[in-house]
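Student: Please take me through one part of this model slowly. Which pieces sit around it, and what holds them together?

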Amino acid sequence: MGIGLVLLALAVLIGWGASIDTLKSVLPGYIAMNPLTAVNFAALGLGVLVIDGRATSLRITRVAGVLVCVVAIARMSEYLWHTDLQVDRLLFTAQLDVSPHFPPTRMAPNTAICQLVLGAGLALFGVRIGKISLSEALAAPAMLVALFAVVGYAYGIRTLYRVGPFVPMAVHTAVALFAMSFLQRTDEQRPHAQDALELVVERLARSNAELERLATTDGLTGALNRRAWLERFEAEIARAKRYDLPLSVLMIDADHFKRVNDQYGHLVGDDVLRALTQVFMQRLRQTDVLGRYGGEEFCILLPNTSLDGATVVAERLSGHVRDMGFTTDSGARIHLSCSIGVADFAAFRPTSAEVLGAADLALYAAKTERGCIRAAVSHS
């Protein structure tokens, strides 16, 4: 587990140093990890990695814990006294100032609190009051916060995994918190407990990743679900406003899809929706965001794309859908078309609701002729 935290932290720091966005985030499409948060996790990982009961190793563990505590306390003081010491912007300041992520990549208050508890657990590692291990006692409240975060992601309860407008606590925090409860036992039964700890952390990481996937993806198609897509849309709207970038949206509806369900059954209809999703995914850029809006309706975010550019994308996707074809188990051949509404973010429609409303009206106009593409007006 310790080496996993160290490698994760190094990957994030390399991402910031080399401007590789995929390394900055723990999961694709999510807010990047702050560089100083990564340093804290490197210290936590090092502290756990060297635990073997020897005096020298114990000193390294406690020094790592103190380092984490100092950073977390400094960050918490900013929240408590409403100051800005730029504590979490000491590293890679230039990159953070132009970071495309929104909100700005900061260390969240719940992350700072939990890292303070974890650091204290390392600094007091091996200290007991009677039969009570201080490391385990300190880990308990932090584990509770992490549990709230995981439940919040799984069920879409934002207040459980984020504090106010700040960035949410990420999965890596929860993994570290749960691992802390095993630290005291590794001191007493290192050879056997270490294997058990690594197994538990590995299972926990897999479970957290699965919870994250279930909370954000549509179970049938694998595209983002409506809630997750709308969250991404809000973030992209804010980014477009901040950096004065173009942003467009496609609203797509499969024409006469009810006939497919009525004639061939809902299982075939489900297969067709999955095939449609693959057509879209294979022809979009990595920066584009596909979501299932509901039923046979899909929505696509096109960052850095003007209304004219989005219309070209819509025409290309519509052509691929017409050419796709789908063969049922009985050998029947199904051909589909789709209607697409296109709208862009503009000064006269500055909110996500207004952009979606314009795209929806354009889709309604397109469906009157079926298989058509309509773009919203590009002026007020």
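Tutor: Start with helix 13, whose buried residues pack against strand 3, helix 14 (266–282) and strand 7 (333–334). Packing here rests on contact, meaning heavy atoms within 4.5 Å. Helices (H or I, at least four residues) and strands (E, at least two) are DSSP runs, numbered from the N terminus.

A word on the source. This is a predicted model, in which local features need pLDDT of at least 70 and side-chain atom pairs count only at pLDDT 80 or more, while totals for chains, interfaces and linings use all residues. Residues are numbered from 1 along each chain as its sequence is written, and side-chain values use heavy atoms, with hydrogens and water left out.

Now look at helix 13 itself. Its buried residues are Phe-257, Val-260 and Asn-261. Buried means under 20% relative accessible area, exposed means over 50%, and partly exposed lies in between (1.4 Å probe, protein chains only). The face away from the buried side carries the exposed residues Lys-258, Arg-259, Asp-262 and Gln-263. Just after helix 13 comes Gly-265, with a positive phi of about 100°.

Next, step into helix 14. Val-268 lies there. Val-268 is buried, at a relative accessible area of 15%. Set aside its neighbours within four places in sequence. Val-268 is then in contact with Val-260, Phe-326, Thr-328 and Ile-334. Recall that Val-260 is one of the buried residues of helix 13. Also find Thr-327. Val-268 and Thr-327 are 59 residues apart in sequence, but 9.5 Å apart in space, C-alpha to C-alpha.

Follow helix 14 to another helix. The axes of helix 14 and helix 15 (residues 307–324) come within 10 Å and cross at roughly 140°. Axes are lines fitted to C-alpha atoms, for helices over the stretch in contact, and angles run from 0 to 180 degrees between N-to-C directions. Helix 14 and helix 15 are therefore oblique to each other. Angles under 35 degrees count as roughly parallel, over 145 as roughly antiparallel, 65 to 115 as roughly perpendicular, and the rest as oblique. In helix 14, Ala-275, Leu-276, Val-279 and Phe-280 meet Leu-317, His-320, Val-321 and Met-324 of helix 15.

The side chains of Lys-367 and Asp-255 meet in a salt bridge, 3.7 Å from N to O. Lys-367 lies in helix 16 (residues 352–367) and Asp-255 in the loop between strand 3 (247–254) and helix 13 (257–264), so the pair ties together parts that are 112 residues apart in sequence. A salt bridge is a side-chain nitrogen of Lys or Arg within 4 Å of a carboxyl oxygen of Asp or Glu. Asp-255 is buried, at 3% relative accessible area, whereas Lys-367 is partly exposed at 22%. Asp-253 joins in too: Asp-253, Asp-255 and Lys-367 are linked in a network of salt bridges. The whole structure holds nine salt bridges.
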